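Please read them with the structure open beside you.

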Amino acid sequence: MTAPHARYRRAVAIPAGMAMATALAFLPNTTATAADAAPAAVSADATSLSYVVNVKPGHSTSAYVKKAVGKAGGTIVTSYDQIGVIVVHSSNPDFAKSIRKVRGVQSAGATRTKPLPTATTGDLGTPKALSAAEVAKAEAPAGQDPLQPQQWDLPAIKADKAHEKSLGSKKVTVAVIDTGVDDTHPDIAPNFDRKASVNCVSGKPDTADGAWRPGASESPHGTHVAGEIAAAKNGVGMTGVAPGVKVSGIKVSNPDGFFYTEAVVCGFVWAAEHGVGVTNNSYYTDPWYFNCAGDPDQKALLDAVARASRYAEKKGAVNVAAAGNENYDLSSDEITDPSSPNDTTPGDRTVDPSECLDIPTQLPGVVTVASTGAKGIKSSFSNYGLGVADIAAPGGDSTSYQKPEAPATSGLILGTLPGGKWGYMAGTSMASPHVAGVAALIKSTHPYASPALVKALLYAEADATPCTDPYDIDADGKIDAVCEGSKNRNGFYGWGIADALDAVTK
């Protein structure tokens, strides 16, 4: 089955038939309640497109190309000379063709298919947060935050046991590269890292106070993710996987919900240069679900984001990303992509996912996270693939498919919502922050570990999980996905399900 397509990665619509009591906060483009924060303004006329121009890293080559950009009708927004990526606006329809001919340019392409600024899209749904009364009546055993009994996902990765040993180190920051984070939330404020937070929507860092927050009409996605990772263990609300680490907000989604390349590049570079230990990436880079190296524009986007993610890892960050919610086998020979480009008029195209990559999750070095539900099996929507999925973690599923043990009532994942609220979401978007939290616990336990070592420990400590075979999640008599591989590494669960207890004891 294929879940409805969303621009970010990805709070999914759970199939009809699940109990209404659990249908909370899982649709994209939902209403947030944090204060509006205007993104950095970049002037552009109605016919301008945004481009990335990739050159050899270093100031001398960049300086030469920068002059050529102007001659080709481009205006430089910013440049990241350390990775050789220049962000340009141009209304010249032949800009990319012209600049690719310039000596020193390795690739160049438009980051979108619609002129700046993008048109507003309508909301697809409004989340239902837990009511004040529901929060007030929540009860928990001694030592737990009030809503923790609803978090079946914490014992699923042994995070509850891990917290008896360690909550994580304040010296470790996890950057949430996403739709923005409401740092005023009582479960996030105690652990928020202001210095590592920024608005990157324009492709250029905006450090104005609060610029990293979602606007009132923007998605709560990033705030939910941040709470899953590091909601404080403070007697309020819920508990994060790593409630003792820091969390920052790097806003890369524009008001219409698009994650364009220039913003994603800015986000990774910012994280790299501000001491971030882990980045969480629960999105894909618009407008192409898969970016094919054979297309000059898409190749440029691949190059730019790959350079930025490698730079972040080189500077010490472990990059963790969601696998996606379309129940795609990312190790198959071909996939039909019906959704690209998603900022103009998408159309069906057949791609080879080994050559056309979903970025950043399929980039080399990035930890690709698949989702599991309350029964510990692959979520109905989760992408998968032998050799592609590295690890699995709770991302939720329809309660009718995978019902949690009492006292938990919802098969979705509880998280923080803007405006001091809490609610449920589901998707590989929710699985990825669990792994980011476990990586932060490993980094806390082994403060001098390189990203390569942290990843090695993450995989070695994961609980090996054999293929679910047959996989008929909706019990309709039809196989919904085929898992390949051994117990120790397979297409559904990668190296296994993340283990937070091992992260703090081994």
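1. In this predicted model, isoleucine 391, in strand 15, is the bridge partner of valine 369. The two strands concerned, strand 14 and strand 15, run in the parallel sense and are paired over four bridges.

2. That pairing belongs to an open sheet of seven strands, ordered 6-7-5-8-10-14-15 and paired in parallel fashion throughout. Strand 15 is one edge of the sheet and strand 6 (198–199) is the other, each of them pairing on one side only.

3. Val369 and Ile391 are also among the residues with the most contacts inside the largest nonpolar core, which has 60 residues; Val320, Val367, Val435, Val438 and Leu458 complete that group. Helix 9 (residues 428–445) supplies the largest share of this core, namely nine residues.

4. Valine 367 deserves a look of its own: leaving aside residues up to four places away in sequence, its contacts are Val318, Asn319, Val320, Ala321, Asp390, Ile391, Val435, Lys455, Leu458 and Tyr459.

5. Lys455, Leu458 and Tyr459, which valine 367 touches, are among the buried residues of helix 10 (residues 451–461), a list that also holds Pro451, Val454, Leu457 and Glu461. The buried residues of helix 10 pack against strand 10 (318–322), strand 14 (367–372) and strand 15 (391–394), and also against helix 8 (296–314), helix 9 and helix 11 (500–505).

Methods
Residues are numbered from 1 along each chain as its sequence is written. This is a predicted model: local features need pLDDT of at least 70, side-chain atom pairs count only at pLDDT 80 or more; totals for chains, interfaces and linings use all residues. Side-chain values use heavy atoms; hydrogens and water are left out. A nonpolar core is a set of buried Ala, Val, Leu, Ile, Met, Phe, Trp, Tyr and Cys residues joined through side-chain atoms within 4.5 Å. Buried means under 20% relative accessible area, exposed over 50%, partly exposed in between (1.4 Å probe, protein chains only). Contact means heavy atoms within 4.5 Å. Two strands pair if DSSP finds at least two bridges between them.
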